[in-house]
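Here is a friendly walk through one protein chain, from its overall layout down to single residues. Have the viewer ready and follow along.

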Amino acid sequence: LVGKHHGESEEAQALGLRIVSHMRSRANEFSEKYQHNFSVLATPAEGLSGKFTKADRKSFGVLPGITDKIYYTNSNHVPVYYHCSPRHKAKVEAPYHELTRGGHIFYVEIDGDATHNPEAISDIVDLMDKYNIGYGSVNHDRNRCMTCGYEDAQENLDECPKCGSHDIDKLQRITGYLVGTTDRWNNAKLAELNDRIVHK
Ligand SMILES: [Zn+2]
């Protein structure tokens, strides 16, 4: 709507908050009117991330920065491919948590072996607390050799350095779930996963 996304433009962020605030107040009005607990949910978009993009492409064509990928980034998240610090990501996404009481998630992708760096995790948890993030996670990959039990966090590991086995279980968090394999995810969600960058 403004030519830039909310991770890079204050104008886009202000508009995003206006839109979601409007949704929130409409939901509140409906709750009052019908005496039901309507709420606004920041969708994790397991299926919609691809479905909506496809439908929008059909109506509007391929628009640069909007429908030129086969997925939409989840809800209020800064686009998955945008390079920024965990702090910037938290600052931009946190205000939406207050508005989406039906559910939301904040995550930070980290690289390296997190088991050897608990301070990094604790810093991110402090950050979530500071910005009043409702629910959050720290994503890091974990490989486990199914033959001998060796574990590490190397990228694209396909042979166990200890026993040479190729039976490697790769643990990744793609949505709200920990998945050992990405075989069952749809193309849109896999494309999103492949575009994710590490937040430094
Ligand atoms: Zn092994």
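## Cysteines and burial

A word on terms before we start: buried means under 20% relative accessible area, exposed means over 50%, and partly exposed covers what lies in between. With a relative accessible area of 39%, Cys163 is therefore partly exposed. Cys84, at 10% relative accessibility, counts as buried. Please keep in mind that this is a predicted model.

## Overall layout

The protein has five helices and six strands. Read from the N terminus, the order of elements is α-α-α-β-α-β-β-β-β-β-α. The C-alpha trace spans about 65 × 40 × 35 Å along its principal axes.

Of the 200 residues in the protein, 38% are buried. Among contacts with a separation of 6 or more, 54% are between residues 24 or more positions apart.

## Helix H1

Helix H1 covers residues 10–34, which makes 25 residues. At the start of H1, a side-chain oxygen of Ser9 comes within 3.2 Å of the backbone nitrogen of Glu11.

Which residues of H1 are buried? They are Ala12, Gln13, Gly16, Val20, Ala27 and Ser31. As a general point, an α-helix has 3.6 residues a turn, so residues three or four places apart point the same way. The buried residues of H1 pack against helix H3, which runs over 86–99.

## The largest pocket

The largest pocket holds about 1,300 Å³ of space. Its lining consists of 37 residues, and those nearest the centre of the pocket are His6, Tyr72, Thr73, Ser75 and His77.

Which element gives the largest share of this lining? H1 does, with six residues. H1 and helix H2 (48–60) each supply at least two residues of the lining.

Gln35 has a positive phi of about 55° although it is not a glycine. Its relative accessible area is 59%, so Gln35 is exposed.

Ser39 has its place in the loop between H1 and H2 as well. With a relative accessible area of 44%, Ser39 is partly exposed. Leaving out residues up to four places away in sequence, Ser39 touches Ala27, Arg101 and Gly102. Ala27 is one of the buried residues of H1. For Gly102, the backbone nitrogen lies 3.0 Å from a polar atom of the Ser39 side chain. If you want a distance across the model, take the C-alpha atoms of Ser39 and Asp126: these residues are 87 apart along the chain, and the atoms are separated by 28 Å.

Is Lys89 buried or exposed? At 2% relative accessibility, Lys89 counts as buried, because the cut-off is under 20%. Lys89 is found in helix H3.

What does Lys89 touch, not counting residues up to four places away in sequence? The partners are Cys84, Phe106, Tyr107 and His199. Cys84 counts as buried too, at 10% relative accessibility.

Asn132 sits in the loop between helix H4 (118–130) and strand E2 (136–139). The phi of Asn132 is near 65°, a positive value in a residue other than glycine. At 56% relative accessibility, Asn132 counts as exposed.

Pro161 belongs to the loop between strand E4 (151–152) and strand E5 (168–173). Its relative accessible area of 52% is over 50%, so Pro161 is exposed. Not counting residues up to four places away in sequence, Pro161 touches Tyr150 and Gln154. The C-alpha atoms of Pro161 and Tyr150 are separated by 8.3 Å, with the two residues 11 apart along the chain.

Terms used:
Residues are numbered from 1 along each chain as its sequence is written. This is a predicted model: local features need pLDDT of at least 70, side-chain atom pairs count only at pLDDT 80 or more; totals for chains, interfaces and linings use all residues. Side-chain values use heavy atoms; hydrogens and water are left out. Buried means under 20% relative accessible area, exposed over 50%, partly exposed in between (1.4 Å probe, protein chains only). Helices (H or I, at least four residues) and strands (E, at least two) are DSSP runs, numbered from the N terminus. The expected span of a helix is 1.5 Å times one less than its number of residues. Contact means heavy atoms within 4.5 Å. A polar contact is a pair of N or O atoms within 3.5 Å; within protein, one must be able to donate a hydrogen and the other to accept it, and residues adjacent in sequence count only if both atoms are side-chain atoms. On a 1 Å grid over the protein atoms alone, a cavity is a set of points where a 1.4 Å probe fits but cannot get out, and a pocket is an open set with protein on both sides within 12 Å along at least five of seven lines; lining residues have an atom within 4 Å of a point. Grid points are joined across faces, edges and corners, and a volume is the space filled by probe spheres set on the points.
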